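Student: I am new to this structure. Can you show me how to read its features?

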Amino acid sequence: MTDSDPLIEFRDVYKAYIDDIKVLKDINLEIGVGEFVSVAGASGAGKTTLMKLILVEIAPTKGDVLYDKTRIHSLSRDEITEHRRRIGMVFQDFRLLPHKTAYENIAFAMEAAGRSDEDIESDVPYALELVNLSDKMWSFPQELSGGQKQRLAIARAIVNNPDVVIADEPTGNLDPNNANEVIEILKKINDLGTTVLLTTHNKDVVDALENRVITMEGGEIIRDAKTGKYIL
């Protein structure tokens with residue numbers, strides 16, 4: 001964690017669903033600007049629920065989630081839309097538009113954010129270059145390998161200059177070589193100043209990063225190590 005004010009803060013957060021089954025319990029957490037944080041744990045540990053709270057897809061049962069000092073679960077619908085534009089999402093299943101080329105997938109994200117044609121023409125090639133896909137600009141998703149699809153998804157996530165990239169199990173469907181390439185690109189994005197939150201149950205990925213590791217089990221944070229490894 002950095003010494004400056006946290007970008008993301010969880011204060012005594014609980015999340016319960018039907019029959020008072022607690023998915024998150026007593027979460028207190030700060031994530032600073034420019035950090036690269038791995039949230040590790042087995043399936044069902046609460047990692048994805050944590051990310052959904054940051055995106056205001058769900059609300060806490062108790063407690064507060066703050067983003068840049070703002071209680072995000074008190075925002076209006078329009079304010080939530082603006083909040084989400086500050087976050088780039090990368091999913092395990094890519095979520096690319098199958099009938100659009102690599103260029104068009106990224107351009108579509110920019111159009112949705114109200115970016116100009118001039119911005120699109122300059123920024124899409126830059127984003128593709130950043131993820132080593134310049135030669136796949138006019139390829140469709142079905143023409144790309146799994147690793148290339150995930151790198152395209154990362155380019156789409158970063159093209160609108162978010163504060164944070166949340167990568168939810170981004171290597172889950174990839175072989176070790178492609179997984180390593182995706183992680184290297186996330187590290188590059190972090191080096192450029194973007195905060196990165198990575199959720200994973202992949203021990204090799206976490207150990208190789210040697211960054212801050214938050215380990216979750218049963219909806220609780222059981223370990224928060226500044227330069228940690230995956231220990232369960």
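Tutor: Start with the lining of the largest pocket. By class, eleven residues are nonpolar, four polar and five charged. Here Ala, Val, Leu, Ile, Met, Phe, Trp, Tyr, Cys and Pro count as nonpolar, Asp, Glu, Lys and Arg as charged, and the others, Gly among them, as polar.

Student: What kind of model is this?

Tutor: This is a predicted model: local features need pLDDT of at least 70, side-chain atom pairs count only at pLDDT 80 or more, and totals for chains, interfaces and linings use all residues. Numbering runs from 1 along each chain as its sequence is written, and side-chain values use heavy atoms, with hydrogens and water left out.

Student: How is a pocket found, and what is the volume of the largest pocket?

Tutor: Rolling a probe the size of a water molecule over the atoms shows where empty space is left. On a 1 Å grid over the protein atoms alone, with a 1.4 Å probe, a pocket is an open set of points with protein on both sides within 12 Å along at least five of seven lines; lining residues have an atom within 4 Å of a point. Points are joined across faces, edges and corners, and a volume is the space filled by probe spheres set on them. The largest pocket has about 650 Å³. Of its 20 lining residues, Arg84, Ile87, Met89, Ala109 and Asn160 are closest to the centre. Helix H2 (77-84), strand S6 (87-91), helix H3 (102-112) and helix H5 (146-158) each give two or more residues.

Student: How are helices and strands defined, and what is the strand order in the open sheet?

Tutor: Both are DSSP runs numbered from the N terminus: helices are H or I, at least four residues, and strands are E, at least two. Strands pair through backbone hydrogen bonds, either parallel or antiparallel. A pair needs at least two DSSP bridges. The open sheet of four strands runs S2-S1-S4-S5, with antiparallel pairing. Its edges are S2 (22-32) and S5, each pairing on one side only.

Student: Which residues stand opposite Leu66?

Tutor: Glu9 is its bridge partner on one strand, and Arg71 in S5 stands opposite too. S1 (6-16) and S4 (62-67) share five bridges.
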